[in-house]
Amino acid sequence: MFQQGGIEKEYEAVAPFQDKLANGLVYSSCMKEVPGRFVMEEVAGEPNSSTEILCERQWHNGQGQHLALYRLRPHSGRKHQLRVHLSSLGRLSSMMCFIPNCCRSEADDFSQPLQLLARHIAL
């Protein structure tokens, strides 16, 4: 149902602000699994994934970072789709690492939480 668009999903992500996303956009690409790894990659071909990205608000965090709250509405349900799409739009996912490869920390270290929240889901 996820991959066929039968489920309405909405997420929120905190990531660096980008001017090109200030008015929102729909990003589409062809994604495929990387053999032997728990990650996806974008490849040339007919798009099989699409995400609507809306900038809800933006702010400066006092540490020199210009951040934004993005509302994400995936129209398809590919593994890691939101992180792959945000990354393709300019390394926006630097605050949303892939698990388990990129975020190495102690088991109880919650100092760098995943900046992605499932806000709404409906059948």
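These legends walk through several close-up views of a predicted model.

Local features are described where pLDDT is at least 70, side-chain atom pairs count only at pLDDT 80 or more, and totals for chains, interfaces and linings use all residues. Residues are numbered from 1 along each chain as its sequence is written, and side-chain values use heavy atoms, with hydrogens and water left out.

**View 1. Arg71 and Glu12 form a salt bridge.**
Side chains of opposite charge can pair when their charged atoms come close. Here a salt bridge is a side-chain nitrogen of Lys or Arg within 4 Å of a carboxyl oxygen of Asp or Glu, and a search of the whole structure finds 8 of them. In this view, the closest N and O atoms of Arg71 and Glu12 are 3.4 Å apart. Arg71 belongs to strand 5 (residues 66-74) and Glu12 to strand 1 (residues 8-16), so their pairing ties together parts that are 59 residues apart in sequence. Strands (E, at least two residues) and helices (H or I, at least four) are DSSP runs, numbered from the N terminus. Are the two partners buried or exposed? Both Arg71 and Glu12 are buried. Buried means under 20% relative accessible area, exposed means over 50%, and partly exposed is in between (1.4 Å probe, protein chains only).

**View 2. Arg71 also meets Glu56.**
The side chains of Glu56 and Arg71 make a salt bridge with an N to O distance of 3.1 Å. Glu56 lies in strand 4 (residues 49-60) and Arg71 in strand 5, so this pair ties together parts that are 15 residues apart in sequence. Glu56 is partly exposed at 40% relative accessibility, while Arg71 is buried with a relative accessible area of 14%. Which residues do salt bridges with shared partners join into one network? They are Glu10, Glu12, Glu52, Glu56, Arg71, Arg73 and Arg119.

**View 3. Glu33 pairs with Lys79.**
The closest N and O atoms of this salt bridge are 3.2 Å apart. Glu33 sits in strand 2 (residues 25-33) and Lys79 in the loop between strand 5 and helix 1 (81-88), so the pair links parts that are 46 residues apart in sequence. Glu33 is partly exposed, with a relative accessible area of 48%, and Lys79 is partly exposed too, at 26%.

**View 4. The charged end of Arg57 sits over the ring of Trp59.**
The distance from the charged end of Arg57 to the centre of the Trp59 ring is 4.7 Å. A charge counts as sitting over a ring if NZ of Lys or CZ of Arg is within 6 Å of the ring centre and within 35 degrees of the ring normal.

**View 5. Ser29 makes a polar contact with His85.**
Look for Ser29 in strand 2, where this residue is buried, with a relative accessible area of 8%. The side chains of Ser29 and His85 make their polar contact at 3.1 Å. A polar contact is a pair of N or O atoms within 3.5 Å; within protein, one must be able to donate a hydrogen and the other to accept it, and residues adjacent in sequence count only if both atoms are side-chain atoms. Not counting residues up to four places away in sequence, Ser29 touches Glu42, Pro47, Asn48, Ser49 and His85. Contact means heavy atoms within 4.5 Å.

**View 6. Helix 1 is mostly covered.**
How many of the 8 residues of helix 1 are buried? The count is 6, and the buried residues are Gln81, Leu82, Arg83, Val84, His85 and Leu86. Their cover includes strand 1, strand 2, strand 3 (40-43), strand 4, strand 5 and strand 6 (116-122). Just after helix 1, Gly90 takes a positive phi of about 120°.

**View 7. His80 has a positive phi of about 60°.**
Most residues other than glycine have a negative phi, and most peptide bonds are trans. His80 has its positive phi although it is not a glycine. This residue lies in the loop between strand 5 and helix 1 and is buried, with a relative accessible area of 11%.

**View 8. Strand 2 and strand 3 run antiparallel.**
These strands are joined by 4 bridges; two strands pair if DSSP finds at least two bridges between them. Cys30 has Val43 in strand 3 as its bridge partner. The hairpin has 6 residues between the strands, and Gly36 takes a positive phi near 80° there.
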